[in-house]
Amino acid sequence: MHGCLSLEHITKTYQDLNGETLAIKDFTHTFEEGKFVSVVGPSGCGKSTLLSIIAGLEPQTSGVIFWDNSKPLESNRNIGYMLQKDYLLDWRTVYKNVLLGLEIKKMLSPETIAYANSLLEKYDLLEFKDKYPSQLSGGMRQRVALIRTLATNPDILLLDEAFSALDYQTRLLVTDDVYKIIKAEGKTTIMVTHDIPESISMSDDVIVLSKRPTTIKQIYPIHFEMDNRTPLTCRDNPMFSTYFDRIWNALNSE
Amino acid sequence: MTGKKNLSAREKYLRDKKRYKISVVVTQISILLFIILGWELLAQLNIIDSFITSSPSRMFATFKRMLSQDLMTHIGVTCLETLVGFLLGTVAGTLIASLLWWSPFLSEVFSPYLVVLGSLPKVALGPIIIVWVGAGMPAIITMALMVSLIVTILDMLSGFTSTDTNKIKMLKTFGANKLQTFTKVVFPSNIPTLLNVLKVNIGLSMVGVITGEFLVSKNGLGYLIVYGGQVFQLDLVMTSVVILGIVASILYNAVVLLQKVICKSSKWQN
Ligand SMILES: Nc1ncnc2c1ncn2[C@@H]1O[C@H](COP(=O)(O)OP(=O)(O)OP(=O)(O)O)[C@@H](O)[C@H]1O
Ligand SMILES: [Mg+2]
């Protein structure tokens, strides 16, 4: 298989003056190419830590991450990471914000700029190119943040509660938007969320984590008998509440 | 029906606002006139001794005499020293703050020294500066620099270190190194801090310059004030103080104007 991400025996211990915190214990899983996988778990269990390790922001204490089953991830880490809020820079226009990732990665070239422009156009932001973030709505800002990440053409997309700062109404619309964009661009995605319905509505698999030190408790493949599934339409599917109950029970069982 | 009765609520609101504003300005001007006229009157009637208190008419005469002599040179010298000290203090302070942001180790090591230097009244350094730098313009500029430097370092450093950590994390998700973190987020998000530092520094730099001129100089408004005091010419002292006040507020307002222009032309919220 091409482009899959394998975590093997990942363990993470934080050190600080008060002592050690074992956050993740022996996490092993392969994320397959093109799939959308959600990770849910009790708060403080180590979900963000997991994403930070994959993104290379935190070193793991032990274990290895492979890319394509063979190469260590460090040799070619091309990962897009979206945080809880958009963190757009107020003093840059939408266009300049979108180019930020490319600038930092020193990837600015006529091709990458053209790609960024095509993303802006495809997702209806071209006319806002020269506006400043303060002039956009919350949903639009989140879309700009996604395009900023996609512009660097990452192999894998990580979302850490990327919609939790939005109000409910906007959140439903933005997840629908973002889902379509991610599927259209064919990105492998790992999403951390507190919201079980959100995880069911977007994912191919939902991973339920245990309390700290965290490890995988259960994996639920999500499948709806319907064409053109979107986060909004699948909420009406009869299977939706069945999945909800299963995941809810798994989360709350000892 | 009179026209007044037809005013809409909005028009009434605006009219009241305008009236309020006018009454503030009228009161301000009245106070000034009252002081000038009262002072002049008391001096004319010999109720106060204008040899000690001077008087508006004597100050005006002094001003005209100074203008035909070398007043402009004195103003120029003071302004030059202030601006040079201001620029040096701001630039050097910002550079040092950047360095301390870069190295938390250095920052922690130097923090108690900065606190001590910051709370030391800088006038106390006057004699040392004169001995080391020599009496004259360099000593005065050094004095102005000393007064604004530490404040700049402390303010800019605290601005740099309180930059939104999530914005920094966002940059790191793209693999930003330390220099990129500084130039793309830490420095730009502290432009408002810098603009406020500028506003404070122009005043501090002038304090340094006048102190310096009191101690060593042969030129400048500070020199005129000290000289006037020494030869007991209160006309000269008072006139110079008033001129200094005007010059200081012009410099300050120039910086405020600069701040407004920068804030408007970019999207920095203040
Ligand atoms: N830099 C750090 N130093 C020490 N301990 C840390 C650090 N970062 C996280 N931890 C600890 O590790 C554990 C896991 O944290 P993490 O942020 O990964 O959890 P989470 O599942 O994302 O939580 P939440 O649901 O609140 O987002 C927590 O107990 C936390 O206190
Ligand atoms: Mg978290």
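Predicted model: local features only at pLDDT ≥ 70, side-chain atom pairs only at ≥ 80, totals over all residues.
Residues are numbered from 1 along each chain as its sequence is written, chains are lettered from A in the order in which they are written, and side-chain values use heavy atoms, with hydrogens and water left out.

View 1. Strands are DSSP runs of E with at least two residues, helices are runs of H or I with at least four, and both are numbered from the N terminus; two strands pair if DSSP finds at least two bridges between them.

**View 2. The two covered faces of strand 9 of chain A.** In a regular strand the side chains alternate between the two faces of the sheet. On one side of strand 9 of chain A lie A:Asp205, A:Ile207 and A:Leu209, on the other A:Val206 and A:Val208, and all are buried.

**View 3. The hairpin and its cis peptide bond.** A hairpin of 6 residues joins strand 9 of chain A to strand 10 of chain A. A:Pro213 is placed in the loop between these two strands, and the peptide bond that joins A:Arg212 to A:Pro213 is cis, with omega about -10 degrees.

**View 4. The contact between chain A and chain B.** Chain A gives 22 residues and chain B 19 residues to the contact, which is defined by heavy atoms within 4.5 Å. About 1,900 Å² is buried between the two chains, 69% of it on carbon and sulfur atoms; this buried area is the accessible area (1.4 Å probe) that two parts lose on being put together, summed over both. In chain A, A:Tyr87, A:Trp91 and A:Ile104 lose the most area to chain B, together 37% of what that side buries.

**View 5. The salt bridge between chain A and chain B.** The count between the two chains is 1 salt bridge, a term that requires a side-chain nitrogen of Lys or Arg within 4 Å of a carboxyl oxygen of Asp or Glu. A:Glu103 forms a salt bridge with B:Lys184, and the closest N and O atoms are 2.8 Å apart. Strand 6 (79-82), helix 3 (100-104) and helix 5 (138-150) of chain A are the elements that give two or more residues to the side of chain A that touches chain B, and helix 3 of chain A provides the largest share, 4 residues.

**View 6. Two residues of chain A with positive phi.** A:Asp26, in strand 2 (residues 19-31) of chain A, has a positive phi of about 55 degrees although it is not a glycine, and A:Asp26 is partly exposed at a relative accessible area of 41%. A:Glu161, in the loop between strand 7 (156-160) and helix 6 (168-185) of chain A, has a phi near 45 degrees, and at 13% relative accessibility A:Glu161 counts as buried.

Technical notes:
Buried < 20%, exposed > 50% of the residue type's maximum accessible area, 1.4 Å probe, protein only.
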